[in-house]
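Hello,

Here is the structure I promised to pass on to you. Please open it first, and then read my notes below alongside it.

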Amino acid sequence: MASVSLVPFISKYKVSSVLNRDVTGLGKQNLFDGNSETCWNSEQGTPQHILVEFKQPVCIHSVVVQFQGGFAGKTTKLIDGDSKSEICPLYPEDNNKTQTLNLPLQEHGVERQKLKLQFVNSTDFHGRIIVYSLDFCGSVAQQPDNGPSNAGASTKDEPSVTPALTIT
């Protein structure tokens with residue numbers, strides 16, 4: 001199945017901190033706004049994180065992120081938000097370019113509804129993280145098929161009756 005942006009399927013998200021509590025200028029809403037002039041800027045200190053919850057289960061294939069060079073995640077982990085277990089380490093570069101961080105292939109089919117992107121430490125001496133854009137790419141998990149409707153279906157105790165063909 002093709003990878004698509006999963007941003008439209010995000011129901012809510014949180015960040016660990018915002019620099020100087022300036023949530024209007026540097027807050028979490030800037031992560032997914034599509035504006036290259038805005039960013040989320042964390043307060044100093046480690047670790048920092050972004051917690052994302054999706055409307056329905058999704059299968060993540062990659063994380064697409066753009067940091068401010070000098071303020072990138074150094075040791076970065078993707079964590080399952082429900083089980084709190086580490087999915088995989090991610091290895092972003094310390095630059096201003098948009099980076100696609102691919103998950104191992106064995107993770108592509110795993111359905112998850114909550115993710116935590118944890119920046120264990122930063123390339124900034126004070127531990128600040130600056131993210132201009134963030135995306136999760138993958139697929140929306142298939143909803144369970146309830147099967148065909150049972151209306152009019154016969155049960156085990158009732159034999160199925162086929163109408164007779166009448167020729168006149």
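What follows is a short tour of what was found, from the overall layout down to single residues.

This is a predicted model, so to speak of local features pLDDT of at least 70 is needed, side-chain atom pairs count only at pLDDT 80 or more, and totals for chains, interfaces and linings use all residues. Residues are numbered from 1 along each chain as its sequence is written, and side-chain values use heavy atoms, with hydrogens and water left out.

**The overall layout**

The protein has one helix and nine strands; helices (H or I, at least four residues) and strands (E, at least two) are DSSP runs, numbered from the N terminus. Read from the N terminus on, the order is β-β-α-β-β-β-β-β-β-β. Of the 168 residues, 39% are buried. Here buried means under 20% relative accessible area, exposed means over 50%, and partly exposed lies in between (1.4 Å probe, protein chains only).

A contact, or touch, means heavy atoms within 4.5 Å. The protein exposes about 10100 Å², and carbon and sulfur atoms supply 51% of this area. Accessible areas come from the Shrake-Rupley method with a 1.4 Å probe, and for residues only the protein chains shown count as cover.

**The nonpolar core**

The largest nonpolar core has 35 residues, and W40, I50, F54, L78, L134 and F136 touch the most other members. Such a core is a set of buried Ala, Val, Leu, Ile, Met, Phe, Trp, Tyr and Cys residues joined through side-chain atoms within 4.5 Å. The elements that give two or more residues to this core are β2 (10–15), β4, β6 (86–90), β8 (111–119) and β9. Strand β4 supplies the largest share, eight residues.

Leaving aside residues up to four places away in sequence, L78 touches V63, E86, I87, C88, L90, L103, L115, K116 and L117. Take K116 from that list: L78 and K116 are 38 residues apart in sequence, yet their C-alpha atoms are 5.8 Å apart in space.

**Aromatic rings**

The count comes to four aromatic pairs. Rings of Phe, Tyr and Trp (its six-membered ring) pair if their centres lie within 6.5 Å; planes under 30 degrees apart count as stacked, over 60 as edge-to-face and the rest as tilted. F54 and F136 make an edge-to-face pair, with 6.0 Å centre to centre and 85° between the planes. F54 lies in strand β4 (residues 48–67) and F136 in strand β9 (residues 130–140), so this pair ties together parts that are 82 residues apart in sequence. Both F54 and F136 are buried. With residues up to four places away in sequence not counted, F54 also has contacts with L6, F9, I10, S11, I60, Q113 and L115, as well as F136.

Elsewhere, W40, F67 and F119 form one aromatic cluster. The charged end of K28 sits over the ring of Y13, 5.4 Å from its centre; this requires NZ of Lys or CZ of Arg within 6 Å of the ring centre and within 35 degrees of the ring normal.

**Cysteines**

How many disulfides does a search of the whole structure find? The search finds zero, a disulfide being a pair of cysteine sulfur atoms within 2.5 Å. C59 is buried at 8% relative accessibility, and C137 is buried at 15%.

**Loops and backbone**

Most residues other than glycine have a negative phi, and most peptide bonds are trans. Some spots here are worth a look with that in mind. The peptide bond from T46 to P47 is cis, with omega near -5°, and P47 is in the loop between β3 (40–41) and β4. N20, in the loop between β2 and α1 (23–26), is not a glycine but has a positive phi of about 55°. K84, in the loop between β5 and β6, has a positive phi near 65°. N20 is exposed at 63% relative accessibility, and K84 is exposed with a relative accessible area of 63%.

Enjoy exploring it!
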